[in-house]
Amino acid sequence: MPARLLPWILVLLCTCSRPSPRPQATGELWVDARASGGDGTRERPLRSLADALARPGPKRVRLASGRYEGPFRLPEGTQLVGSGSSTILIAADLDTSVVEAPGDTALESLTVEGGGWGLEARGPVRVQTVTFRNQARGAIRLGAGPLEGRGLRFEAGAVSQAPVAVGVLVEAGTAGGSAPSLILRDSAFTGAYDRAVRVRGGASVRLEGVDFQGPRMALSQDGGVAEVERARASGGSGTAFSTVGGALTLVDVRVQGHEYAVTANQARLSVRGFSSEHATRAGMGLTATTGLLEDVAVKDAGSYGALQLTASDLEVRRFRLEGSREYGVVALQGRVRLRDGIIKGVSTADGLAGDGLHLRRVEADVDTVTVEGAKGTCVLATQRARATLRNARLSGCGLAALAVDSKATLESRNVDVRDTPGSILLAIEDGQLQVEDLTAKDARGELVSTDCQGQTRVRLRHVEAGTRRGLDSPCVQLDARPPQP
């Protein structure tokens with residue numbers, strides 16, 4: 001071998017023996033606002049997020065802590081991963097959105113601050129462990145496709161005090177694309193949002209494990225489908241959960257305060273496990289609504305009643321209503337079926353009235369209920385209502401245990417009345433009352449109180465009471481035959 005080739009051979013061998021650097025993951029870029037600028041590797045990150053987003057193709061962009069001035073538009077296939085809440089995407093202009101995501105994108109572990117909207121999206125979009133705060137119009141606006149969020153925080157700052165501010169707007173747009181759908185899990189809204197989640201058009205929403213503290217309304221739904229499970233709402237002044245013309249399902253939902261806990265108008269409602277405390281008007285105000293309500297508890301509702309049911313077709317099973325003002329259940333028009341319920345302590349503010357069941361111009365079928373401590377009437381049918389009552393336990397009824405007036409009809413069977421200072425039975429103004437298998441103990445008033453005017457009628461069969469006062473009224477018919485087996 002010629003001597004002059006030896007040095008070159010040694011250099012080549014040394015070069016080949018050196019360890020090669022670990023290759024950069026395909027499509028992964030690193031950005032650090034404090035860096036001097038590099039090629040986007042972890043060792044030499046880019047300084048500008050805009051430069052990273054301008055790179056072609058799908059990519060994962062990893063952001064170091066720091067503030068990144070937007071607005072930003074995420075290309076299709078972009079994953080934006082921050083270093084936690086100290087990674088902040090911000091836009092000072094309240095007429096722009098901090099982030100636009102028009103396609104398949106993802107955001108994770110960062111904060112979105114300021115702007116008119118925090119995120120405007122047309123899914124699919126995945127958002128995880130992201131905080132939205134101080135947006136002027138709303139945190140997220142979803143116009144099409146799916147968006148799935150987990151571990152999100154929505155904070156309405158001073159700029160979001162305006163009544164138009166929303167947390168998340170899910171609205172079917174007119175520009176085409178699939179109907180928007182939101183799934184939000186294990187997240188929280190705090191502060192003075194007017195509506196934490198607003199659903200419009202043919203959109204759909206599913207909320208699981210979401211906490212609302214402070215928004216005037218937790219959910220406002222105009223059409224579409226909404227499912228809410230394991231949710232808590234408190235500190236608001238409007239309706240917590242509202243639907244107009246939509247389908248709403250509530251499972252294990254708790255509401256503290258608010259004007260109404262739930263309102264529904266021309267809607268389909270399904271409830272399995274629900275409680276309301278200290279609603280200033282009513283626990284539920286339902287109009288022209290159909291559905292099934294199960295395991296419902298309302299405590300200390302306002303003067304519109306614990307359950308206010310108007311022109312609806314509803315069944316309520318396993319309910320407990322305590323401390324309501326004016327009414328326990330007030331049903332006007334439509335049809336209602338009540339099963340296995342307890343109503344306690346109904347009283348007006350002056351303590352002079354308050355009905356347990358107030359049935360007005362409605363078809364009502366009531367089975368297995370207990371009414372205790374109604375300052376007015378425990379069960380009242382009025383204004384042409386047609387009601388049946390079975391297996392009832394009534395006590396502490398201030399005015400009357402069972403009452404009919406204004407051409408209403410009430411048929412009862414197997415009713416036990418105890419400790420009632422008022423009349424056991426009251427029928428006036430063309431009301432018709434049929435009673436079978438009635439037991440009344442500790443009665444201090446009349447057994448029957450009636451005006452016997454017009455079509456007023458009281459028909460009794462198998463009545464056991466400690467008093468017989470009122471039985472001699474001309475419109476009272478007593479069937480003393482023994483009960484049939």
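Modeller: Before we start, buried means under 20% relative accessible area, exposed means over 50%, and partly exposed is in between (1.4 Å probe, protein chains only). This is a predicted model, where local features need pLDDT of at least 70 and side-chain atom pairs count only at pLDDT 80 or more, while totals for chains, interfaces and linings use all residues. Residues are numbered from 1 along each chain as its sequence is written, and side-chain values use heavy atoms, with hydrogens and water left out.

Colleague: Fine. Why is Phe-189 called buried?

Modeller: Its relative accessibility is 0%, so Phe-189 counts as buried. Phe-212 gets the label too, because its value is 1%.

Colleague: What makes Phe-132 and Phe-154 a stacked pair?

Modeller: Rings of Phe, Tyr and Trp (its six-membered ring) pair if their centres lie within 6.5 Å; planes under 30 degrees apart are stacked, over 60 edge-to-face, and the rest tilted. The structure holds six aromatic pairs. For Phe-132 and Phe-154 the centres are 5.5 Å apart and the planes at 10°, so the pair is stacked. The two residues sit 22 apart, Phe-132 in strand S10 (residues 125-133) and Phe-154 in strand S13 (residues 153-156). Strands here are DSSP runs (E, at least two residues), as helices are (H or I, at least four), numbered from the N terminus. Both Phe-132 and Phe-154 are buried.

Colleague: And what makes Phe-189 and Phe-212 stacked?

Modeller: Their rings are 5.3 Å centre to centre, with 10° between the planes. Phe-189 belongs to strand S15 (residues 181-191) and Phe-212 to strand S17 (residues 204-213), so this pair ties together parts 23 residues apart in sequence. Ring pairs also join Phe-132, Phe-154, Phe-189, Tyr-193, Phe-212 and Phe-241 into a cluster.

Colleague: Which residues touch the most other members of the largest nonpolar core?

Modeller: Phe-212, Phe-241 and Leu-394, out of 123 residues. Such a core is a set of buried Ala, Val, Leu, Ile, Met, Phe, Trp, Tyr and Cys residues joined through side-chain atoms within 4.5 Å.

Colleague: Now Asp-367. Why is Asp-367 called buried?

Modeller: Asp-367, in strand S29 (residues 363-374), has a relative accessible area of 16%, so it is buried.

Colleague: What makes a polar contact between the side chains of Asp-367 and Asn-391?

Modeller: The rule wants a pair of N or O atoms within 3.5 Å; within protein, one must be able to donate a hydrogen and the other to accept it, and residues adjacent in sequence count only if both atoms are side-chain atoms. The Asp-367 side chain reaches that of Asn-391 at 2.9 Å and that of Arg-390 at 3.4 Å.
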